[in-house]
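This briefing covers aromatic ring pairs and charges placed over rings. Please look at the model below before reading on.

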Amino acid sequence: MLVQLSLVFIIVWLLVLRWERRRMIQLASKFGSPNLWQLPVIGHSYVFIGSDEDRMTAFQKLGRKTNNTKEGIISFWQGHKLYLSISDPKSAEFILKNCLEKDDIMKISRLTTGNGTVFAPVKIWRPRRKVLAPTFSPKNLLEFAKIFSRQSDIMVEQLKPVAHSKDVSIWNFVNTYTLDSVCESTLGVSIHAQKLIEQPLLKSLEQITILDSARMCQPWLYSDTIYKMMPAYKRHTKCRKMIFDFINEVIRAKRNLMQEEKSLLKSESEQAVRQEGVRSFLELLIESSGGDKGYTDLELQEETVVLVVAGTDTSAVGTSFTILLLSKHLDVQEKIYQELQEVFGDSKRPIVPEDLPRLKYLDAVIRESLRLYPPVPVIVRKVENEITLPSGETLVKGTGILVHIWAINRNPKYWGDDADLFRPERFIDTPLKHPAAFISFSYGPRACLGYQYAMMSMKTAMANLLRNYQFLPASNAGTKQPIRLRFDIMMKSVENFTVQIKPRF
């Protein structure tokens, strides 16, 4: 009797659920793919089961299917939640400007970032962004360029012992460079990650992204109640505690130091001189939010965690993919080197901010690398109120929107038949056919504030590396062999960005 009642309850619940989602079902039928089979209860989430490489392969297949449709839209279900994958720049622009709320699935990341601006609800994001935006002023960014130059010099030195090795994973060298740069510019502390064998902070950051990305693709783990019963939650908690303890200690020390300096520097002129020096994002946030009456320690923690996590991985992934692509395109690498010769000659002088605008071809190469291999391949938004796309299709409230950055950046309707080819000249020869055709740092009001910061970090790192080294393909990787990819929030190389390194001198 109990079993029969349970079955009746389940059937009734499914019927009610279907009735409530009848308009979503109609919408899904308009954009459904005949080759994408939907299973009961779990929908299409089965395609994301497997390794992090399997998940990225699934996202790539979804992106290509989306590009092959007339509207650049395809539907899929994660459990009972409908998502539309979008690869048309016009539709993507409309969504990113009008649907500012992050999808509910991103609540998973708030376990680490709290209400940091990247994943925060709009009501929290909007006022915080107003405080955060001025800290990315051109003046501040120019000061941070000096940090990039100094830290990339260290990276060049760290590569010397392995430069003659057969195959080298460039990832750890680049990732520790970006971590050192981010910690110094964001937190105002030097952690010397590049010179340490063990980097517990870096390991915790990497483990967190792996755990979060796996959970995002498995709807049966969305419930916090269920997830907290899983072994993964214990690992997540341990990593999160390590990150939070480090950040909170820095915040306390920085507040105390700023208070001491304020007491010592009595006159306005003395304080003005102090403010002319390089100040970290953390100091700028404390001051711009109102000092002691501004952000709480928790709010500072949330924002600095976002800056450290996003700043480290985004620049590291972008730089590493650029190196990997250059190892396969030696002609492009040689053009960059000639440009560097024009700017620096044979001098060993440090890179200064004024050098970066002169490196126009290097800039195009990095952008082309970001187009083909965007660090964040997909982002998700939520339709909070019924809206109509420029194409005339009406989206139902509650629908999730997967803005497929990887597919948008490779959409042949906007990039041509050679959209999958690495051709940096496309960023020099012709303007974009649509402003949202290249959105590796997102687009619209919630686009990445640190875009220029990341570009400066990548350009400085690449310039310093290519002044000193030539990068060649790994011994088992041909120039035409595709790059195997994996997904752990960021998109990365399965082979961990392995190349051969040859000193130029």
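Trp 171 and Phe 497 are both buried (under 20% relative accessible area, where exposed means over 50% and partly exposed lies in between; 1.4 Å probe, protein chains only). The model is predicted: local features need pLDDT of at least 70, side-chain atom pairs count only at pLDDT 80 or more, and totals for chains, interfaces and linings use all residues. Residues are numbered from 1 along each chain as its sequence is written, and side-chain values use heavy atoms, with hydrogens and water left out.

**Aromatic pairs**
- The structure holds 16 aromatic pairs, counted for rings of Phe, Tyr and Trp (its six-membered ring) with centres within 6.5 Å.
- Trp 171 and Phe 497 have ring centres 5.5 Å apart and planes at 25°, so they are stacked (planes under 30 degrees apart; over 60 is edge-to-face and the rest tilted).
- This pair links distant parts of the chain, 326 residues apart: Trp 171 is in helix α8 (residues 171–187), and Phe 497 is in the loop between β10 (490–493) and β11 (498–503).
- Helices (H or I, at least four residues) and strands (E, at least two) are DSSP runs, numbered from the N terminus.
- Phe 281 and Tyr 453 make a tilted pair, at 5.9 Å centre to centre and 55° between the planes.
- Phe 281 belongs to helix α13 (residues 281–288) and Tyr 453 to helix α20 (residues 451–468), so the pair ties together parts 172 residues apart in sequence.
- Phe 281 and Tyr 453 are both buried.

**Ring cluster**
- Phe 48, Phe 59, Phe 76, Tyr 83 and Phe 487 are linked into a cluster by ring pairs.

**Charges over rings**
- The charged end of Arg 215 sits over the ring of Tyr 227, 4.1 Å from its centre (NZ of Lys or CZ of Arg within 6 Å of the ring centre and within 35 degrees of the ring normal).
- The charged end of Arg 410 sits over the ring of Tyr 373, 5.3 Å from its centre.
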